[in-house]
Structures are given as C-alpha cells and as structure tokens.
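Trainee: Could you walk me through a structure I have never seen before? I would like to learn how to read its features one by one.

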Amino acid sequence: MRYEQTREILQKLAPDYHRKVSLFYEQLAECKVAPRVRLMLDYLIDHEQQRALALDEFCQEAPKQVLDYWFKGVEINFPRPKADLLPETAGSDLDQLISAAIGYKKELISYFDHLLEHTTSPEPLNLIITLKTQEEKAMKRMIRHSQGLADL
C-alpha cells in the first residue's frame, strides 16, 4: 500500500508532467512540421506551460491542510509522460498529434480518478475533482481548436 501527499502531487509531480509534455512538443516543433501542426504545437506548448505555472501559483495560496493531506492505498504511480506516445510522424499529421495530446490528458485524468477513490476528506476531494475537470475541459478545448485548424 502506497501513500501520496497532495503537496508532492501539486508542487512537483503534476507541474513536472506538464513541463515534460511541453518539452516533447517543443522537440517536435524543432523538426520540419506541417503548418497546421505548427499552429497546434504552439497552442499545446503554451497550454502545458500555463498548466504548470497555474499549479505553482495555486500551491502558494492553497490551504495547508489540503497540501498536507495524504492519499492512502494509492495503487498506481503518478504517470510519467512517455516520449513514444508522440511519434515523429505527428509532425506531418495533425490527427496523430491530437491523438498523442489526448493520450497525455487521459493519463492525468485516469490518475485523478484513482485518487478520487482514495480520498476521504471533502477539501482534497473537491481539489482533485477540480483538477480532473480542468483537464477534461482542456482536452475538449484542444479538440475544438484542432478541428478549427483542420478546417483551414
């Protein structure tokens, strides 16, 4: 049985996840990519960096009792973004890029679902629900943005 503290998730694990995903997008953007893919990569890089910054800012103002909460019985590790989820061919295929971006979001959403099963206190429960909802909304915005690019 593992334990995970909210502080570790919000101050280190989640921001590092977003920064790493942003780095994967930046590395792909350094290659020759299609114009629509370039626009989507710019959007994704900015989005992931903003998510990391938002978590950093939240932690500075978050109630101590929420940050000190321990999730008990956590059976899975916080996800680590996988570079192979984003193939080089995504540089020429907007659909592959979106598929990878959705995969990164779903990993986080799945982890937050798992944490919800191990939350007994209302404040951390509300926090995890909020984080999960934000990721789901971000995924929907990203899909809408990509559909707009596909129509260009």
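This is a predicted model: local features need pLDDT of at least 70, side-chain atom pairs count only at pLDDT 80 or more; totals for chains, interfaces and linings use all residues.

Trainee: Let us begin with helices. At what angle do the axes of helix H4 and helix H5 cross?

Mentor: To read a helix pair, look at the two axes and the directions in which they run. Here helix H4 covers residues 94-117 and helix H5 covers residues 122-150. Their axes come within 9 Å and cross at roughly 170°. Angles over 145 degrees count as roughly antiparallel, so H4 is roughly antiparallel to H5.

Trainee: Which classes of residue make up the contact of H4 with H5?

Mentor: Sorted by class, that contact has 19 nonpolar residues, six charged ones and one polar one.

Trainee: How should I think about a nonpolar core?

Mentor: The general idea is that in soluble globular proteins, nonpolar side chains tend to be buried together. In this model, the largest nonpolar core has 45 residues. Tyr25, Leu86 and Leu97 are the members that touch the most others. Two or more residues each come from H1, H2, helix H3 (64-67), strand S2 (70-74), H4 and H5.

Trainee: Which element gives the largest share of this core?

Mentor: That is H4, with 12 residues.

Trainee: Now for charged pairs. How many salt bridges does the structure hold?

Mentor: It holds 11 salt bridges. One of them joins the side chains of Arg19 and Asp56, at 2.6 Å from N to O. Arg19 lies in helix H1 (residues 6-29) and Asp56 in helix H2 (residues 35-61), so this pair ties together parts that are 37 residues apart in sequence.

Trainee: Are Arg19 and Asp56 buried, exposed or partly exposed?

Mentor: Arg19 is partly exposed, with a relative accessible area of 37%. Asp56 is partly exposed too, at 24%.

Trainee: Let us turn to single residues. Is Glu135 buried or exposed?

Mentor: For a single residue, check its accessibility and then its contacts. Glu135 lies in helix H5 and counts as buried, at 1% relative accessibility. Beyond residues up to four places away in sequence, Glu135 touches His18, Arg51, Lys105, Leu108, Ile109 and Phe112. The C-alpha atoms of Glu135 and Lys105 are separated by 6.5 Å, although these residues are 30 apart along the chain.

Trainee: Lys105 keeps coming up. What does His47 touch?

Mentor: Not counting residues up to four places away in sequence, His47 touches Lys105 and Ala138. His47 is found in helix H2 and counts as buried, at 14% relative accessibility.

Trainee: Where is Met142 found, and what does it touch?

Mentor: Met142 is found in helix H5, and at 2% relative accessibility Met142 counts as buried. With residues up to four places away left out, Met142 touches Met40, Tyr43, Leu44, Ala101 and Ile102. The C-alpha atoms of Met142 and Ile98, 44 residues apart along the chain, are separated by 8.0 Å.

Trainee: To finish, is Gln60 buried or exposed?

Mentor: Gln60, found in helix H2, is exposed, with a relative accessible area of 69%. The C-alpha atoms of Gln60 and Gln11 are separated by 9.3 Å, and these residues are 49 apart along the chain.

Technical notes. Residues are numbered from 1 along each chain as its sequence is written. Side-chain values use heavy atoms; hydrogens and water are left out. Axes are lines fitted to C-alpha atoms, for helices over the stretch in contact, and angles run from 0 to 180 degrees between N-to-C directions. Helices (H or I, at least four residues) and strands (E, at least two) are DSSP runs, numbered from the N terminus. Angles under 35 degrees count as roughly parallel, over 145 as roughly antiparallel, 65 to 115 as roughly perpendicular and the rest as oblique. Ala, Val, Leu, Ile, Met, Phe, Trp, Tyr, Cys and Pro count as nonpolar, Asp, Glu, Lys and Arg as charged, and the others, Gly among them, as polar. A salt bridge is a side-chain nitrogen of Lys or Arg within 4 Å of a carboxyl oxygen of Asp or Glu. Buried means under 20% relative accessible area, exposed over 50%, partly exposed in between (1.4 Å probe, protein chains only). Contact means heavy atoms within 4.5 Å. A nonpolar core is a set of buried Ala, Val, Leu, Ile, Met, Phe, Trp, Tyr and Cys residues joined through side-chain atoms within 4.5 Å.
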